[in-house]
Amino acid sequence: MAEDNDSSQEKTEEPTARKQEKAREEGQIPRSRELTTTFILLAGTVGLFIFAPYMSGKLAGILQYNFSLDREVIFDTDSMVEHFAASLYHGTLSMMPVFILLFIASIAGPIGLGGWLFSGKSMAPKASRMNPGAGLKRMFSLKALMELAKALGKVILIMAVAIALLAIQQQDMMRLSDQETITAIKNAMWLTGVGAIALAAVTIAIAAIDVPFQIWDNAQKLKMSRQEVQDEMKDTEGKPEVKSRIRQLQREMAQRRMMSEVPKADVVITNPTHYSVALRYDPEAMATPVLLAKGGDQTALKIREIARAHNIDIMESPVLTRAIYYTTELDQEIPADLYMAVAQVLAYVFQLRNYRKGRGDRPQYPRNIPVPRNMQYD
């Protein structure tokens, strides 16, 4: 029995929609720090190349402004403060385009995997996070080993790329000291941009490995046991006896609503004992007659009882009653195949009303109402 219980708790089932929605509310979605790092580095690289002329011009202007000082300015402390404030302002302004790109990338990176999500539950303190046993389990888990492998891989790759760049650009970097200030700044920006591209290329490779792993790891965490799926179905749909009671109450409510419509009917057609249907037809507002109520056995008797209480004409036509009962839903128009048969019934009812009001002769009761063979039910 113990073995059966253990096997029943194996996480073998795919997560249900409710499980996924609940996990998302708690902030449990796949995230990749490597993808965010890649976005930031790429944005920074693009920013450096696009705004390099603007930034180098601003920085050159700051240098010229601070190294071209008059004698009076040098000995004026207030002027030094003004120079510092102006340099800080223009320096920040020169870097602002890149800062904006980095800010956008820092938001787009997490959204790129898992979408936009802000969950207060994920930031709430949890006692399980302070459990030493759980902490040790996380340290030696598959995810921890993957994180360690990623960290070592990043260090090795970045160091290899950095060493290769330094070796390739060594002569160019040494020449910077012999160049004019503006030229040196532009070349330094170029070398920095090349280095950023190389580092971004490294993080792209790491992110390409990390993103599928994070998706797989999150899917594994969300997997459910068969017992969990069954328990969730019970919670969602309710126990069978509760569902049966709800359906019974719904049927009773629907029946009460249906019975309240019977007094609006123009005629009730009966089987005469097993079925009853109530029809309404307003020539000025309706294209065809509409079924207001229908039922069998006790419900049929109740429809006839209400009809008598409200002086609604009741006619017997077993074939037509069954045809309407089986082919028409509540509040729906009758089928086109029954137009002729229902028209005869309504014509009799309306003529009978006129006769009772003293208008015209008494109509003849329709005995053989034609119902198409394809609409006849036993």
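**Exercise 1. Determine where the charged end of Lys294 sits relative to the ring of Tyr325, and which cluster Tyr325 belongs to.**

The charged end of Lys294 lies over the ring of Tyr325, 5.1 Å from the ring centre; a charge sits over a ring if NZ of Lys or CZ of Arg is within 6 Å of the ring centre and within 35 degrees of the ring normal. Tyr325 in turn belongs to one aromatic cluster together with Tyr275, Tyr326 and Tyr377. This is a predicted model, in which local features need pLDDT of at least 70 and side-chain atom pairs count only at pLDDT 80 or more, while totals for chains, interfaces and linings use all residues. Residues are numbered from 1 along each chain as its sequence is written, and side-chain values use heavy atoms, with hydrogens and water left out.

**Exercise 2. Find how many aromatic pairs the whole structure holds, and classify the pair Tyr348 and Tyr365.**

A search of the whole structure gives six aromatic pairs, where rings of Phe, Tyr and Trp (its six-membered ring) pair if their centres lie within 6.5 Å, and planes under 30 degrees apart count as stacked, over 60 as edge-to-face and the rest as tilted. The centres of Tyr348 and Tyr365 are 5.3 Å apart and their planes meet at 80°, so this pair is edge-to-face. Because Tyr348 lies in helix H14 (residues 339–356) and Tyr365 in the segment after H14, the pair ties together parts that are 17 residues apart in sequence; helices (H or I, at least four residues) are DSSP runs, numbered from the N terminus. As for burial (under 20% relative accessible area is buried, over 50% exposed, in between partly exposed; 1.4 Å probe, protein chains only), Tyr348 counts as buried at 11%, whereas Tyr365 counts as partly exposed at 24%.

**Exercise 3. Locate Lys223, decide whether Lys223 is buried or exposed, and list its contacts beyond its neighbours within four places in sequence.**

Lys223 is placed in the loop between helix H9 (181–222) and helix H10 (226–237). Its relative accessible area is 18%, so Lys223 is buried. Once neighbours within four places in sequence are set aside, Lys223 is in contact with Lys11, Glu13, Glu14, Pro15 and Glu228, contact meaning heavy atoms within 4.5 Å.

Conventions: Helices (H or I, at least four residues) and strands (E, at least two) are DSSP runs, numbered from the N terminus.
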